[in-house]
Amino acid sequence: MRRVLVVTGGGDCPGLNAVIRAIVKRASKEKDWEVVGSIEAYNGILREPTEIMILDDAAVSGIHIRGGTIIGTTNKGGPFAWPVKLPDGTWGEADRSDEMLRKLQYLGIEAVISIGGEGSQRISQMLYEKGCNIIGVPKTIDNDLSATDVTFGFQTSVQVATEAVDKLVTTAASHNRVFILEVMGRYAGWIALNAAIAGGAEVCLIPEIEYDINKVLDKVNSRFSRDRGFAIIVVAEGARPKGGEFATNATDQVVGYNNLKLAGAAAKLKQELMIAGCKYDIRETVLGHLQRGGVPVAYDRVLATQFGVKAFEMVLEGKFGRMVNYRHPNVGSVSLLEAIEQYNFVKPDDALVTAARGVGISFGD
Ligand code: F6P
């Protein structure tokens, strides 16, 4: 039997299971291929005893509608930065990539499909440079990869965020309140922007457009008349005031987690609004991981299925060192180097920004 390994890395995302299922279903059409999954990204290969799972038709049956990933994931460590405790009790990192590649050989794994975001695809490129037959599949709810028009999981997150706006509108209107909804979006504000338009918010604050709190307050005030009214502000977790910093939770440190831990954008904004003189009652809601869990919407299941089939066909064709992508209307591929070259930021003149401004949404600029 020929063997391909599937790995899911980084934060989870609705649609991961649909990709896994599509890889397995497509592979089962070939007589001589077996699919195995490494548990929690590459940890399953690096751990002793090895933790891998055979992914056959029975294992993936019906999983396309389930959130999360049946093989687990992690956004800590990795083969090039494995956390190790040093003699002085602090934590350092070890490069275990050579050892891992030897283990893949020992396990008879001919190719790897790595489903992950920017960080995971950087690891894919490094493994490829070391001779690994690897293919990337893009994954991120933030939609922040520029080498693909869209990633699966994004539409599900937008739907969850939009439904949250819809719910907040009714309570905000009943109480004449200002509601701040904090959504995910570390460096890219696509979720906030789409949910603000779909939900009809008054203000949308995103990482790419730094805000002036007085402009935000002006917009809020314009929505009240004789103390009656309401306003909805959608803020991405990575949004910042002009010349200001990210809202972070620096004390919440976890070994091997090298991302800046963002937290508190809504709470910070509430404080800023109060200091600026907002006289209305303000409440904040942090949507958090509700945006990442649960059932993927149909669009994401379809895209994920296309990506999974394509990834396995690229294994058959030996198209390694590349990442699957979507450029309307085609599913194709780009080199991993191209895939990690640049983020997909919201540009100030993006058509969606223009549309948002057109319907009166303020970016606080
Ligand atoms: O993967 C992107 C993301 O959704 C970011 O928007 C967010 O900052 C991050 O994941 C949070 O991930 P976790 O809490 O799992 O570390």
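## Two domains

The centres of domain 1 and domain 2, taken over C-alpha atoms, are 33 Å apart. Domain 1 covers 2–152 + 296–328, and domain 2 covers 156–293 + 347–358. These bounds come from an automatic or database domain assignment. The contact takes 17 residues from each of domain 1 and domain 2; contact means heavy atoms within 4.5 Å.

This is a predicted model: local features need pLDDT of at least 70, side-chain atom pairs count only at pLDDT 80 or more, and totals for chains, interfaces and linings use all residues. Residues are numbered from 1 along each chain as its sequence is written, and side-chain values use heavy atoms, leaving out hydrogens and water.

## Around the ligand

Where does the ligand lie relative to domain 1 and domain 2? Both domains give residues to the shell around the ligand, so it lies between them. The shell residues (a heavy atom within 4 Å of the ligand) include Ile141, Met184, Glu237, Tyr257 and His289.

Taken alone, the ligand exposes 400 Å², and the protein buries 81% of that. Accessible areas come from the Shrake-Rupley method with a 1.4 Å probe.
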